[in-house]
Amino acid sequence: MGVTQVPEISVGSCDRTMPVIGMGTAAYPTPDPDTTKAAILEAIGAGYRHFDTAFAYGSEKPLGEAIAEALRLGLVKSRDELFITTKLWSSFAEKDMILPAMKMSLSNLRLEYVDMFLIHWPVRLSKEVKKLPAEKREYILPLDMKSVWEAMEECKNLGLTKGIGVSNFSCKKMEELLATAKIPPAVNQVEMNPIWQQKQLREYCNAKGIHITAYSPLGANNTKWGDNRVMECDVLGEIAKARGKTPAQVSLRWLYEQGVSIVTKSFNKQRMRENLDIFSWSLTEEDSERIAQLPQKKGVLFADVIGPYDISLELDAEI
Ligand SMILES: NC(=O)C1=CN([C@@H]2O[C@H](COP(=O)(O)OP(=O)(O)OC[C@H]3O[C@@H](n4cnc5c(N)ncnc54)[C@H](OP(=O)(O)O)[C@@H]3O)[C@@H](O)[C@H]2O)C=CC1
Ligand SMILES: O=C[C@H](O)[C@@H](O)[C@@H](O)[C@H](O)C(=O)O
């Protein structure tokens, strides 16, 4: 099997281009580190150059090991062939904790810089939070947007990351951030797939020059936070059959045609390759129209992940 060349695009204030499809590393249930490392090495062999991790996933260390091994094996010639995204965990979303958190992620990854550092969620978790959903509503706090973003900007100014951005931010949260940001966020990484198309947020971000990265592009089937609504959608199934593709490929190709980048997770040798095979064919106008008309439903809800408290319910209601 050959190595796919994944197209790269410029993303706002980021100092380097981003491969339009990346490998996710949030796996459920959490695999042992060797499984994650082996899957990442396999993915590099298939052509993935962009890897999406987060402090919260516990995948930074195995990713770091896989990168070191890929360099040793000559699968990549130098570290700058890779695009590494990691995320600031909400327990560290306070101005004085951000630079140390960035350095901790770099140490886990064994890297001198990452390519993208994102605020994982637009909330702060108090230090009492030991597990999620949180046991008390008092444990979930709002972000102090101005000082948090200043610390993110410092990480970029120090050269510890090539780009800074956010994740799970609504139009309202973006507005709050942009009111004081000196460096605009390059990326907003959000749930996006044919069943949750994010039309309003995309319009808003396009107007502000902020790039969208789609997470859970297959609806995160077989995970705690996802379901099978995308993979078992009749319309996607019919289009897939007509094009000789799979529903997963139709979903990923549709996202690519919307101009967003994608992070998708497969640790399976065949499926990770299947997910890269989206560049040599296209959907018809009729296919796109049918997908545009699909009924919409948000999959990932803060109320489920963090707990059903007022701040999560408010975030879930924002678009
Ligand atoms: N910023 C945030 O808050 C979030 C970020 N993310 C990021 O986005 C990444 C991707 O999203 P994720 O939620 O994992 O969900 P995805 O939509 O990428 O779905 C992953 C699931 O689909 C399966 N799968 C992958 N490819 C195929 C295929 N071709 N056919 C059938 N099944 C397939 C995988 O299993 P298998 O491995 O067995 O193939 C896995 O169970 C995450 O790993 C993480 O890095 C995700 C959620 C939230
Ligand atoms: O503890 C948090 C879990 O990993 C889950 O919440 C994920 O969905 C996470 O938001 C992600 O970014 O993938």
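Two strands are taken to pair if DSSP finds at least two bridges between them. In this predicted model, strand E10 (residues 187–191) and E11 meet that condition, pairing in the parallel sense over 5 bridges. Within this pair, valine 190 stands opposite alanine 214 in E11.

The pairing of E10 with E11 is part of a closed arrangement. In the order E3-E4-E5-E6-E9-E10-E11-E12, 8 strands close into a barrel with parallel pairing. On average, neighbouring strands of this sheet are turned by 25° against each other, direction ignored. Strands of a sheet pair through backbone hydrogen bonds, either parallel or antiparallel.

Strand E12 has a partner on either hand in the barrel order. E11 is joined to E12 by 2 bridges, and the two run parallel; here alanine 214 stands opposite isoleucine 262 in E12. Strand E3 (residues 21–24) also runs parallel to E12, with 3 bridges between them, and isoleucine 21 stands opposite isoleucine 262. In a regular strand the side chains alternate between the two faces of the sheet. In E12, Ser261 and Val263 point one way, while Ile262 and Thr264 point the other way, and all are buried.

Helix H8 (residues 247–257) is largely enclosed by the rest of the structure, because 10 of its 11 residues are buried. The buried residues include Pro247, Gln249, Arg253, Trp254 and Tyr256. They pack against strand E11 (211–215), helix H7 (234–243), E12, H9 and helix H10 (285–292). Just after H8, glycine 259 takes a positive phi of about 85°.

Ligand 1 is surrounded by 30 residues, of which the closest are Gly24, Leu218, Ala220, Ala248 and Ser266. Strand E12 (261–264) and helix H9 (269–274) are the elements that give two or more residues to this shell. By residue class, the shell around ligand 1 comprises 9 nonpolar, 17 polar and 4 charged residues. Ala248, one of the closest residues to the ligand, is also among the buried residues of H8.

A further site comes from the database record: UniProt lists His120 for "binding site" in an unreviewed entry. Histidine 120 lies in the loop between strand E6 (116–119) and strand E7 (123–125). Because a residue with 20 or more other C-beta atoms within 10 Å of its own is classed as buried, histidine 120, with 21 C-beta neighbours inside 10 Å, counts as buried. Leaving aside residues up to four places away in sequence, histidine 120 touches Ala54, Ala56, Lys87, Leu88, Trp89, Ser90 and Ser167.

Notes
Residues numbered from 1 in each chain as written. Chains lettered and ligands numbered in written order. Predicted model: local features only at pLDDT ≥ 70, side-chain atom pairs only at ≥ 80, totals over all residues. Near = placed C-beta within 6 Å. Helix = DSSP H or I, 4+ residues; strand = E, 2+ residues; numbered from the N terminus. Nonpolar A, V, L, I, M, F, W, Y, C, P; charged D, E, K, R; others polar. UniProt positions renumbered as here; feature names shortened; annotations may be inferred. Buried ≥ 20, exposed ≤ 12 C-beta atoms within 10 Å, placed from the backbone. Contact = placed C-beta atoms within 7 Å. Axes fitted to C-alpha atoms, helices over the stretch in contact; angles between N-to-C directions.
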